[in-house]
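User: I have a model open and want to learn how to read its features. Can you take me through it step by step?

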Amino acid sequence: MRTEQPKMIYLKDYQAPEYLIDETHLTFELFEDHSLVHAQLVMRRNPERGPGLPPLVLDGQQLELLSVTLADRELSAGDYQLTENTLTLQPASESFTVDTSVRIHPETNTALEGLYKSGTMFCTQCEAEGFRKITYYLDRPDVMSKFTTTVVAEQHSYPVLLSNGNPIASGPGEDGRHWATWEDPFMKPAYLFALVAGDLWCVEDSFTTMTKRNVALRIYVEPENIDKCQHAMNSLKKSMRWDEEVYGREYDLDIFMIVAVNDFNMGAMENKGLNIFNSSAVLARAETATDAAHQRVEAIVAHEYFHNWSGNRVTCRDWFQLSLKEGFTVFRDAGFSSDMNSATVKRIQDVAYLRTHQFAEDAGPMAHAVRPDSFIEISNFYTLTVYEKGSEVVGMIHTLLGAGGFRKGSDLYFERHDGQAVTCDDFVKAMEDANGVDLTQFKRWYSQAGTPRLAVSESYDAAAKTYSLTFRQSCPETPDKVEKLPFVIPVELGLLDSKGNEIALRLAGEASAQGTSRVISVTEAEQTFTFVDIAEQPLPSLLRGFSAPVKLSFPYNRDQLMFLMQHDSDGFNRWDAGQQLSVQVLQELIAQQQKGESLVLDPRLVSALKTVLSDESLDQAMVAEMLSLPSEAYLTEISEVADVEAIHNAREFARKQLADNLFEALWLRYQANRDLSKQTPYVAEAEHFARRALQNIALSYLMLSGKPEVLAAALEQFENSDNMTERLTALAVLVNSPFEEQKALALASFAEHFKDNPLVMDQWFSVQAGSTLPGGLARVKALMQHPAFNIKNPNKVRALVGAFAGQNLINFHAADGSGYRFLADLVIELNGFNPQIASRQLAPLTRWRKYDTARQALMKAELERILASGQLSSDVYEVVSKSLA
Ligand code: B3K
Ligand code: ZN
């Protein structure tokens, strides 16, 4: 816990380090009640910083200094200065060695940063600034060093001793202890350091790289999970091949390891050669993990693997550049997932997520640019903006340069900067140089926060056969108050004629038409593009594939949206037309509800979805996506003032109407797919994901009918499924139904069956936390007393509290403020032992400006109560203080 006043750090203050660390030699002696860390740092003055020998200021937190030696002379207390966060020494020559010994306490480290224990095993998490909790160091990413690591521990409890790189020696020690030494030949910053010691089993495989080198692949887990690693291993091998084929990137060490741990603050970590994963991002098999969990494992394994090049070989100069590695790597993993599964469905899911959550972040008090220019606590900046919007920014470069041009740029980037710590500017420069283009204006995407709006209007001149589209861009003010200049917005578009055919696109001034779908760049505040040879009034299909992260508006009427749903050649835009239609219809219902009128659903939505549902040629996953109404969270995001009850009631009303009106069609598709499920063993592949997705969304609609045959079907699916995807959906529909007796029985039998599997129990918690039936908070409070709940375990907190506050909006936003009070109490408690998780859970309260004045006051009061609660971590302090500013 901090005692110093949190302070703002600015990008403009960046300076290269005064000293460099060429070699880092670490020895860890692990014990049950403390651990000792001996570090030998081979250092020199950074020639970039010129002559002179300024003091050497090493970072260190929560370390008990036992000894320090500078250039072979042991120092006494007067020879150095110690503060809460630093150790300062005075070097006497340009090159020297620093040796320190410190005592640390992984066994009581509940923040899960630095060296800590997860269950019985030791593990580390160093990014961003956790290494300073292990030893005194220059803990910044532009200090890259060659590491050797020796781990010494008791042999019986910790038979497996791992660190980065290749194993070079091991042997027995005294008193039943043993040791192992690892050497990492690649220079790396300290945030990529890792150590694991535990009683682990491993699944082993191998991969032959494009230059025919053999790489050993190992996934380490606790013994009871050894049967749940195959999917992650398959995903790893696919990722390695894909990165060779698509980016020309080959793996570089002789061994690649993944370790699964149960207590982890996020998904996973890309430590060099030794990725450490939240067990939820590794373990997957049919009986215990859903299709979504399988796809998440595949994506995260790929993401961490891809970091080996985008992050590790080429790393960040400073933490303001975080999106350099994260935005790019998300873009890479999205490309991989698209290639492994359905590209359109992947895009739909990513965009729905971005629009709901990143747009909300961008409109809230924590809004920041993809490359922020200040922060208090870097852990707060692992955000949707840095990751997801950062990926969109890289994606726009890809769109502007084309796949070939982008590949030339990435090749140049990796070649030019291998082994370096660089900036987002260096990335863009490589793209520019490889393609001979100027991206100066484009770079505003890195420095300007906020979601741009793009209002589009049309005009058709029948006599001249010209069709003009006028684009007006603007960007709302964000807390940084930075003036917004026009962005470069790539808009992919097409024009449809009245039969739904695509029209050849020729802009005024062009000699000939250039295809039927093309990208235009909007670069000015207002800009008009005129198409010629347009024989009839067309219907535009705009922002195909969501070619830029903007809020586009065009005055479509509902019939036009239905037309696009059927005829647009762009799958993403077909879905998006359906979403826009649903939004219009739902907003109408919300308005009816607010005026106290009786609710009437526009029958066009029913008939549009009926058409979708009866189209057997459509990818079933697409059908499932098109049947999914915009979420309450998204409807909240697009509201001026979100009316919690009206949004919930309108959406539930629409769902019930759709269920009643589409019953036959839903029932047919449900039964056909459930029959197939019964005949086919579980396969984790796109076509099967698609079939189950449609089956499950059909079931959740059908259940709203309350018909006994549907209840019987849900119970049948719950009891007989061989996989978690079907079983969990059946449980969820029962939990959200009025059938109290069946619900209670299902919950009890599920818990009894899976009580020893913590990841499955997380899903059991989430399903209940997400139930929008009245009494949500009481249910969540009761579940916190359940023996499987543990507030110290981040997965449990996310499964129960995160699901409640983030997804169960009608209960969380109860008008009496009880949900807010509950969350604030929890944040205050979490702040005491895990600041990163506390700060994450706080997010729903930061959105207070979206709600009515009564709720605003209640939410603000809770934020103020947190602020006044005493010793706040810098993590929580930053989010709360910015939210109240
Ligand atoms: N780089 C890590 C995230 C570290 C978060 C530190 N608070 C995982 C990832 O993005 O791959
Ligand atoms: Zn990452």
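Analyst: Start with "near": a residue is near a molecule or strand if one of its heavy atoms lies within 4 Å of it. This is a predicted model, where local features need pLDDT of at least 70 and side-chain atom pairs count only at pLDDT 80 or more, while totals for chains, interfaces and linings use all residues. Residues are numbered from 1 along each chain as its sequence is written, chains are lettered from A and ligands numbered from 1 in the order written, and side-chain values use heavy atoms, with hydrogens and water left out.

User: Which residues come nearest to ligand 1?

Analyst: Glu127, Ala268, Glu270, Glu304 and Tyr387, out of 13 residues around ligand 1. By class, the shell has 5 nonpolar, 3 polar and 5 charged residues. Here Ala, Val, Leu, Ile, Met, Phe, Trp, Tyr, Cys and Pro count as nonpolar, Asp, Glu, Lys and Arg as charged, and the others, Gly among them, as polar.

User: How do I read polar contacts to the ligand?

Analyst: Look for a pair of N or O atoms within 3.5 Å. A side-chain N or O atom of Glu270 is 2.8 Å from a nitrogen atom of ligand 1. For Lys325, the distance to a ligand nitrogen is 3.3 Å. Glu304 places a polar side-chain atom 2.8 Å from a ligand oxygen. The protein buries 94% of the 340 Å² that ligand 1 exposes when taken alone (Shrake-Rupley method, 1.4 Å probe).

User: Which residues are the protein donors of the zinc ion?

Analyst: Donors are N, O and S atoms within 2.8 Å of the metal (3.2 Å for Na, K and Ca); water is not among the atoms, so sites may look incomplete. For the zinc ion (ligand 2) they are His303 (NE2), His307 (NE2) and Glu326 (OE), at 1.9 to 2.1 Å. Their sequence spacing is H-x3-H-x18-E. His307, in the loop between helix 2 and strand 22 (315-316), and Glu326, in helix 3, are 19 residues apart and link distant parts of the chain.

User: Are His307 and Glu326 buried or exposed?

Analyst: Both are buried. Buried means under 20% relative accessible area, exposed over 50%, partly exposed in between (1.4 Å probe, protein chains only).

Note on methods:
Polar contact = N/O pair within 3.5 Å; in protein donor to acceptor, adjacent residues only side chain to side chain. Helix = DSSP H or I, 4+ residues; strand = E, 2+ residues; numbered from the N terminus.
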